[in-house]
Amino acid sequence: MDESVFYIAEGDPNDKHSQESFALATSIHNSQQHASFRQADAPKNGAILSGSGQGERLIVAAPNKALLNVYSWGKESPDQRIPLPEALTCLALVEHPNTRLFSEFHRNSEFKLPSYRVPWLLAGGSKSGKIYVWELSSGSLLCVKEAHYQNVTVVKFSKCGTFLVAGSDDARCTVWKTLDLIAVFDGDNDESSRNFKPYLAITDNTLAVTDLVLNEPGVINDLKLYTVSRDNTLRIYDIITKQLLTTFILSEAIESVVADPAGRAVYVGLSNGLIRTIPLYNINPNTSVLESIGGNQKIITVESDPNLKFTFLHHQQRISADANKTSILHKNLNNKKNDTENANKPIHVTKLAISLDGTNLISGDSLGRVYVSDIVTRQVVKTFTPCNSPISQIQVSSAPFEALNVSSNSKVDKKHRLIPQLKRVLTGRDATEHQLNLEIPSESRDESDENFAVWLSRKTQEDLEFKNLSGVNSSVKKVANITSDSESKKELEDKLAKLSSAYTQLRSKHEELLKEHSKVLNNKA
Amino acid sequence: MSIPLSLVLKQLEGSPSSVVPLLSTLYYDKSILNNISKSDSKHLVSRILNLTRSPIEYNKWAGTNLIRVISDNYTILATEGSNLFGELVKNLDSYNDTVNIKVLTSTVEALNYLCDKIRGKPTMTREILTPKLSTIITLYMDKLHFSPLIIIKSLKKLIQFHPTTFRPFGNKLRAKLITFLHLQDFVNFPEPLKSAIYQTLASLPAIEKTEPELKWESDVKSLIKELKSVLAIYNEFLNLGDDSSLPRLFEQLPSFEENQKNDKILPDMVIDVNEPSSVFQISTRVDILLNLLNAYVTYATQFSVKVPLGLVLVVNEIICSINVRYISYKNDVRDEQIRKIVKSTTVLNSLNSIKFLKDLAFTYKGSMLPHLGNILSLLEVLVPFKNKKIDYDELIIQEVLNRELLSCVSVYLSLVSFLSDHTQLLRFVDVGLLLVEPRITDSTAQQNNNNHNSNGGKKHKKNKNTTAIPLSDILSHQHLFNEAIPEATVNIVRQFMSAVITTVTLPPTQHYKIMRYILIQAVHSRYYNNEHLIPRELRSLLINAVLYPGYEKISLLPIVSTILGDDPLLSVFNNPRFPPLPIYVKNVKDESVFEEEEEEEEEHEQEEKEIELPEQKRAIDEDELPEAKKRKMEDEPQVIQQEQIEQVVEDKIFTKVNPETVVHFAPTKEVEPESRTIQNQKPETVPEPVPVAPVQQMSQNINGDEDESDFEMPEIDVDDSDEE
């Protein structure tokens, strides 16, 4: 097993055809590079990887173009370029919901992985504030929703697929029920069913919402939303009760956020290059009991951290060598003036991600650098190959070694590998048009896989059936069964049996005698 | 038990008395075959082959099974594989109905096993499997009627793995299977055989040389067309126009063109109204076609296909909509018998349709959700309703249908984690609750009584003596006449409840009814179990009731905790805890050492109170300075207990507490167990660097000299995880 970090940058605006842009997937734990994707650049949150390893896909919204690039893991250049109705600024994917209750009780509720896994929905936000939802297996555009007044900065599905959350530059954050968005074939009345309201519209922020993250609870009632905004706040909401739980006020605008997998802390990336840990539990100094921080609509001002106990510094350092390197990378495009301009700009921590075990924080900044740092010591443990522009997406996922290192993609021909073209027109009400394109997966429990013990017990049973347990010689029975019609035949058979037994007797006698004869002969000799 | 090889060989010489010990020895004691000498191996194989050649059935059977076991050994398989194969094929060829069927099934099993073993190994496949494959397929098809289930399954597998070799046999097999479908009593075939036949038919497009997906698609389309033509017959019995949407739905389905009539799988139907049972042909056909369609759209394909999910759903919608409760009979259908038969065909159709919908949900998951509202309202129509109330008698009569209905609804619900609207589900909840109500046959008894009363006096007297005997029991021992609720119903209803309470918040009436049922059942089944155990479904239902409390927020947890005291999840509920924090992990020391030093620490703490505070202040001042610079400044070494400072720093930053008060409490028992749990629980994920943490921490604040060594620590982390 290995953990793979995927990162992609926004791309240099001067580089019109994205020739200089690339996205990489690299191991956290060793120096191995798992995959690279050429000509890949995306606006912030505008790229999404369905997972790492063979059969997974990378979907990238081309910056400022109404175009989606789809890559397959293991191939460097895009597999598909899909035209869109509008340029997208952010993307989100969600897997099919599982029939959670039934995996125990129903034999046929689990499936093997087909050669290509197709996620369920793809959502995208656009500059005009619209949210688009496509079903990937059919390519149907299920929903176009005018959700925001300005650029949508981030869309995310909850892990279970129940909610879609969007954050925008208009300082609002909307939570939609996925079912509402995709219920295209239901109901007869066009207007009422399409004009639904968001499940929850959050208007607490005063400046753009830059990033958001949802926890992954097993019980939907525990679903929490963490939003960060340029107005220096981190807010935590309980989605089911629609309540704001806690507001944290920081000293700087917040650009990115990630939550600990076990919900112990939140990490926010600030616009001054710092990453700040915000613990969600601490020890109450008076009672020395571990208590949770916040809740109950508390507003907590996160004070400065003089001892740097909760702060990661490494993005703030503008290592000159590093800057040189990037400038060498695109000497032609960046002149010195640009460099100095860059040097004066504050460094933003644009994206954050956390490793499987919650001990490593992966952070990318506006200079294109990506670091892995240890959460406990707050030291950099690994530096990745930098990109030429601000990092726009970081994703961490783990997969078995053999899946990550794909040598050839020959297993599946292209026709079956591609996702259907995404439609640019909203799907009609006619259910008959709903046509999926997919490889039907096989059930994971194959009935023919019988283990030896079961097989043996079956054979024991059969063995017993061969045996005559009645104590009566079965051959006698058989004779009785023969009908009178074949009496003569039976007689003949009996005769034959008699004769043959007599013959064999005779023969054995003969052999015996022969043996004796030869013995006698030998003795004489 | 392991029998030495010499003994095995000896046993195989003649007719072995029992082959089972030999089989288990050869399988479990791998060393026998692994270390076998060349001559012994020859002996073994030749003796086994002799057994299979023997005319005695038992010996043949024994030899065949022995072949299956010894083929696990790679050497034997490689050297003798083709002989073994040849012998099995010969046996298969010579099989006829005078021979015990077990010989055939064992031979087929052994052949399949050998194929599985060889498949995927290029040389062996080329040398052994490929030359024999077409013979095997021919023989399988010849002997198909002897043991259809096992042979059809084997053929299905061969289609899957060797589509090219299978190509010449495809049409023949298809024809053969379709003749099965034409059999009058095909619907009464055992379920596994039916589904094997359907799945084999559905996997046949794979053998197509070019573009199997097109063949698959046209097959599916023609099935839908044929279903449409069958369903259209209802127009002769019912006023399908009563339901305004039905004609529209029919229009949405494609129909056969004139020249495509030959694509039909089933022959034309002959229905004679004077022979009412012939009406059942409709439901039989719908059954066959629907299940075949089901097999097509749910059985695994090796290639991607275009699934007309919308059309498939329209077909189901039509089937469920043809419901005599809402659609009137045509005027010329007056015969009560015919009416009843038509009704039961529609019920049968709905049942098949529900099963189909359920399978679709398992395979297509999220893709079904855009249709969720439609599907639920479709299913809702099937709930027997009379005078705005659920018709209890009808419900019980069609128990199987309603059971499937609930099961189907719960599968769809389980695809959704959260539904805010419960109106569509209330009817199903009522059905579920009614199905598990105690059933009393008392009504029938009453009817009997009534009948008797209405009879003439003479007859009445006569009957009294004969009928009074069983009737007296009903009166005196009524509890014995409570009809047991079938276990399948109980389980399905419980799963349904589980699905409902986890996705929606029900209105209080239904919620309390469900909770009441759960709790009563739990106490009941706990009492009647010797170990006070609770069945699995009920257990998960109870836990879900706690996890998704709905309106009930207070009283349920204690009740469930009493009933399920031993449940690990509830224990977490009752003893709530926070996830352990990585930062609180303390020193590198062993736990034993740690404890000893605790006292020392406390002493230190008192002494160093003064030292800490200035340190704090300075740190604040230096906040703005870059890290490197600051380290240089903080050169003076200080002997301060690390834990304490860490503690203080934390408190200072986050809780605005006066540091003075903080220092008064010791670094405490509360903290210390925390560190232990981490060390115990995640020894691998939190390796060495974690204990190092505080040291590093200090180095930033206090001791710059240690810096270099600290930087190296994280790299150890990297190495460690590599080895994992």
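Student: Is B:Phe146 buried, partly exposed or exposed?

Tutor: The classes rest on relative accessible area (1.4 Å probe, protein chains only), with buried under 20%, exposed over 50% and partly exposed in between. Because B:Phe146 has a relative accessible area of 25%, this residue is partly exposed.

Tutor: A word on the source: this is a predicted model, in which local features need pLDDT of at least 70 and side-chain atom pairs count only at pLDDT 80 or more, whereas totals for chains, interfaces and linings use all residues. Residues are numbered from 1 along each chain as its sequence is written, chains are lettered from A and ligands numbered from 1 in the order in which they are written, and side-chain values use heavy atoms, with hydrogens and water left out.

Student: Is B:Tyr95 buried or exposed?

Tutor: The relative accessible area of B:Tyr95 is 6%, and the limit for a buried residue is under 20%. B:Tyr95 is therefore buried.

Student: How are the rings of B:Tyr95 and B:Phe146 arranged?

Tutor: Rings of Phe, Tyr and Trp (its six-membered ring) pair if their centres lie within 6.5 Å, and planes under 30 degrees apart count as stacked, over 60 as edge-to-face and the rest as tilted. Here the centres are 5.0 Å apart and the planes stand at 80°, so the pair of B:Tyr95 and B:Phe146 is edge-to-face.

Student: How many aromatic pairs does the structure hold over all chains?

Tutor: One of the pairs joins A:Phe452 and B:Tyr27, with centres 3.4 Å apart and planes at 10°, so this pair is stacked. Over all chains, the number of aromatic pairs is 23.
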